[in-house]
Amino acid sequence: MLQDIIENELHKLIKEKGDKEKINLLKYIVSIFDRRHNLNVKLEDKEVISIIEKYINNEKEMMKYKPNEKEIIQDDIDYLSHFLPKKLSDEEIKKLILDIIPDIKNLQFSERIKKMGIIMKEVAGRANGNDIKRILLGI
């Protein structure tokens, strides 16, 4: 599970007296895990991915307001990004949509949008909603 991988990475960094910035970043992420569930309950990977993506999006927004910290923020984003699954290309997204909903081409705009939830569950962290919508409407 992704949560275990991140927690193991944190313990490894602490043991090796690694980069303090990375240690603090992972401690923060793990604290979010702990707030979401009891200490004895592991989060599903999709929940962990969601937490990391939300953190990354917040950090990207912070870059606008803290331009002098842009490099530090980008380092955090790059580090956390390596825990996320590989993003799907537009072609892979299109193929996935057609595999999930073969008759998508015959659906009206509103019906296609209603199918987004099904598609989003399937891509779980490998594509964002805006890309899905754009491709879904272009099919």
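Predicted model: local features only at pLDDT ≥ 70, side-chain atom pairs only at ≥ 80, totals over all residues.

Trainee: How many residues does H1 have, and how far does it reach?

Mentor: H1 covers residues 2-15, which is 14 residues. From its first C-alpha to its last it reaches 20 Å, close to the 20 Å expected at 1.5 Å a residue.

Trainee: Which residues of H1 are buried?

Mentor: Leu-2, Gln-3, Ile-6, Glu-7, Glu-9, Leu-10 and Leu-13 are buried in H1. They sit on the same side of H1, because the arc they cover around the axis is only 155 degrees.

Trainee: And what covers those buried residues of H1?

Mentor: The cover includes helix H2 (20-36), helix H3 (45-65) and helix H4 (70-81).

Trainee: Which exposed residues are on the face turned away from the buried side of H1?

Mentor: That face carries Asn-8, His-11 and Lys-15.

Trainee: What follows H1?

Mentor: Lys-17 follows H1, and its phi is positive, near 55 degrees.

Trainee: Changing topic. At what angle do H2 and H4 pack?

Mentor: The angle is about 60 degrees, and the axes of H2 and H4 are 11 Å apart. H2 and H4 are therefore oblique to each other.

Trainee: Is their crossing left-handed or right-handed?

Mentor: The crossing of H2 and H4 is right-handed.

Trainee: Which residues make the contact?

Mentor: From H2, Lys-22, Leu-25, Leu-26 and Ile-29 take part, and from H4, Asp-76, Tyr-79 and Leu-80.

Definitions and conventions:
Residues numbered from 1 in each chain as written. Heavy atoms only, no water. Helix = DSSP H or I, 4+ residues; strand = E, 2+ residues; numbered from the N terminus. Expected span 1.5 Å × (residues − 1). Buried < 20%, exposed > 50% of the residue type's maximum accessible area, 1.4 Å probe, protein only. Arc of directions from axis to C-beta. Contact = heavy atoms within 4.5 Å. Axes fitted to C-alpha atoms, helices over the stretch in contact; angles between N-to-C directions. Parallel < 35°, antiparallel > 145°, perpendicular 65-115°, else oblique. Left-handed = near helix turned anticlockwise from the far one by under 90°.
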